[in-house]
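Biologist: I have a structure open and would like to go through it. Can you take my questions one at a time?

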Amino acid sequence: MNDLLSAFSPVDFAASFPSTSRAYIADSIRAGVDPLQLAAELANSPAQGLATKGWPRWPSDLLQRIMGEVHTLLCSDDGKYQTLRDKLRAEAHLTAQVITALVANAVSVSLGLAPALCVPFVALTLAAAVKVGLGAWCQASTPPTSVPS
């Protein structure tokens, strides 16, 4: 196996990557990142390797833009996502029932009670957690600003 691998140079392996990934790897190595460490990170984190494919074309404020859109979806009544919000609301009732039943069952097993006795407590606790958590996130997150398209 060593004989087979020694026939290849690092350039042979790098040539198999898309050009944007090769540029990312070359820039990282020039910046002093250990090639073996870089290879381990790319192997252990498929998202990192995937992210390098669009790396030079992505705007530097991509995460800020995504968070702005999430804020618009969850924290406002903006018409941009009204259809999606309507679909989520339509599915929320059934989803909430299933989650409540599952959590109530788990709680009832732990407490040695009938699941039906735990449902009201679990439903109120989950509703409060979602309402408070969403409210806190909406207050803490920055509302979207106009971002050039």
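Modeller: Start with a salt bridge, meaning a side-chain nitrogen of Lys or Arg within 4 Å of a carboxyl oxygen of Asp or Glu. Lys80 and Glu69 form one through their side chains, at 2.8 Å from N to O. Lys80 sits in the loop between helix 6 and helix 7 (82–111), and Glu69 in helix 6, so the pair ties together parts that are eleven residues apart in sequence. This is a predicted model, where local features need pLDDT of at least 70 and side-chain atom pairs count only at pLDDT 80 or more, while totals for chains, interfaces and linings use all residues. Residues are numbered from 1 along each chain as its sequence is written, and side-chain values use heavy atoms, with hydrogens and water left out.

Biologist: What counts as a helix here?

Modeller: A helix is a DSSP run of H or I with at least four residues, numbered from the N terminus.

Biologist: Is Lys80 buried or exposed? And Glu69?

Modeller: Lys80 is exposed, at 54% relative accessible area. Glu69 is partly exposed, at 30%. Buried means under 20% relative accessible area, exposed means over 50%, and partly exposed is in between, with a 1.4 Å probe and protein chains only.

Biologist: How many salt bridges does the structure hold?

Modeller: It holds three salt bridges. One of them joins the side chains of Asp27 and Arg30, at 2.5 Å from N to O. Asp27 and Arg30 both belong to helix 3 (residues 19–30) and are three residues apart, about one turn of the helix.

Biologist: Why does that spacing matter in a helix?

Modeller: An α-helix has 3.6 residues a turn, so residues three or four places apart point the same way.

Biologist: How exposed are Asp27 and Arg30?

Modeller: Asp27 is partly exposed, with 32% relative accessible area, and Arg30 is exposed, with 65%.

Biologist: Which side chains meet at 3.7 Å?

Modeller: Those of Asp86 and Arg89, in a salt bridge, N to O. Asp86 and Arg89 are three residues apart in helix 7, so about one helical turn separates them. Asp86 is partly exposed, at 40% relative accessible area.

Biologist: New topic. How many disulfides does a search of the whole structure find?

Modeller: The search finds one disulfide, the term for a pair of cysteine sulfur atoms within 2.5 Å. Cys75 and Cys138 form the disulfide, with their sulfur atoms 1.8 Å apart. Cys75 is in helix 6 (residues 62–75) and Cys138 in helix 8 (residues 115–140), so the pair, 63 residues apart, links distant parts of the chain.

Biologist: Is the link left-handed or right-handed?

Modeller: The link of Cys75 and Cys138 is left-handed, with -80 degrees about the S-S bond. Cys75 is partly exposed, at 25% relative accessibility, whereas Cys138 is buried, at 17%.

Biologist: Which other residues of helix 8 are buried?

Modeller: Besides Cys138, the buried residues of helix 8 are Cys118 and Val122. Cys118 has 4% relative accessibility, so Cys118 counts as buried.

Biologist: Where does helix 8 bend?

Modeller: Helix 8 bends by about 25 degrees at Phe121. The bend is the angle between axes fitted to the seven residues ending there and the seven starting there.

Terms used: Helices (H or I, at least four residues) and strands (E, at least two) are DSSP runs, numbered from the N terminus.
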